[in-house]
Amino acid sequence: MTEPRVQPDPAFALLGLYEKALPEVYGYLLARCGDRVLAEELTSETFLGAVAACRKEHVPPVSTPWLIGVARHKLADHWRRAEREQRGLRLVHEAECDVEDPWDEQLDALRARQVLETLSVSHRAVLTLRYVDGLPVRDVAAYLGRTIHATEALLTRAKTAFRRSYQEEGRDA
């Protein structure tokens with residue numbers, strides 16, 4: 001009678017990558033959310049999610065870019081949760097605004113980040129995924145769990161809110 005062979009845990013593939021990938025994953029998240037505690041939390045969730053994914057069948061090769069993709073999903077999940085919470089707390093109707101967007105001014109990066117942090121979670125999420133990560137609208141829609149049309153409308157409102165806040169902050173400075 002032969003004893004069953006013990007298979008190594010597939011999540012061990014992450015061990016060799018952990019030290020190299022940790023600062024990159026954390027840096028990616030911190031640059032997009034601007035909150036150290038949240039970035040640490042999401043980094044932890046990213047690696048826990050990666051361990052779970054490694055234990056499934058048909059796992060893609062474990063790499064830093066793959067982990068960044070997992071982190072992007074965790075950040076989008078966070079934004080969706082935060083938006084649901086905000087939506088539950090407030091009953092404010094945002095008016096649709098069909099405005100052409102020929103705004104080609106150079107943005108001050110520090111001021112832009114400060115303005116971005118003042119926006120609602122949904123506006124911050126859609127603007128970050130579209131303009132910081134450079135994702136096409138269809139991918140942004142997929143990350144946020146919205147239709148393309150709803151994402152385009154949200155993007156229009158978010159750009160209007162950003163522009164208004166950015167210009168107001170510029171006058172205050």
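## Cavity

A cavity is a set of grid points where a 1.4 Å probe fits but cannot get out, and its lining residues have an atom within 4 Å of a point. In this predicted model, the structure holds 1 cavity of 30 Å³ or more. The volume of the largest cavity is about 30 Å³.

Its lining consists of Arg32, Cys33, Gly34, Arg113, Leu116, Glu117 and Arg124. Two or more of the lining residues come from each of helix H1 (13–33) and helix H4 (109–118). Helix H4 gives the most, with 3 residues. By class, the lining of the largest cavity holds 4 charged, 2 nonpolar and 1 polar residues.

## Cysteines

Cys33, one of the residues that line the largest cavity, has a relative accessible area of 13%. Buried means under 20%, so Cys33 counts as buried. Cys54 is also buried, at 5% relative accessibility. A search for disulfides across the whole structure finds 0.

## Fold and surface

The chain contains 7 helices and 0 strands. Along the sequence the pattern reads α-α-α-α-α-α-α. Of the contacts in the chain with a separation of 6 or more, 70% are between residues 24 or more positions apart.

The chain has 173 residues, and buried residues make up 36% of them. Its accessible surface comes to about 11300 Å², and carbon and sulfur atoms account for 55% of that area.

Notes: Residues numbered from 1 in each chain as written. Predicted model: local features only at pLDDT ≥ 70, side-chain atom pairs only at ≥ 80, totals over all residues. Heavy atoms only, no water. 1 Å grid on protein atoms, 1.4 Å probe; cavity = no way out; pocket = protein on both sides within 12 Å on 5 of 7 lines; lining within 4 Å. Points joined across faces, edges and corners; volume = space filled by probe spheres on them. Helix = DSSP H or I, 4+ residues; strand = E, 2+ residues; numbered from the N terminus. Nonpolar A, V, L, I, M, F, W, Y, C, P; charged D, E, K, R; others polar. Disulfide = S-S within 2.5 Å. Buried < 20%, exposed > 50% of the residue type's maximum accessible area, 1.4 Å probe, protein only. Contact = heavy atoms within 4.5 Å. Areas by Shrake-Rupley, 256 points an atom, 1.4 Å probe, with all protein chains shown as cover.
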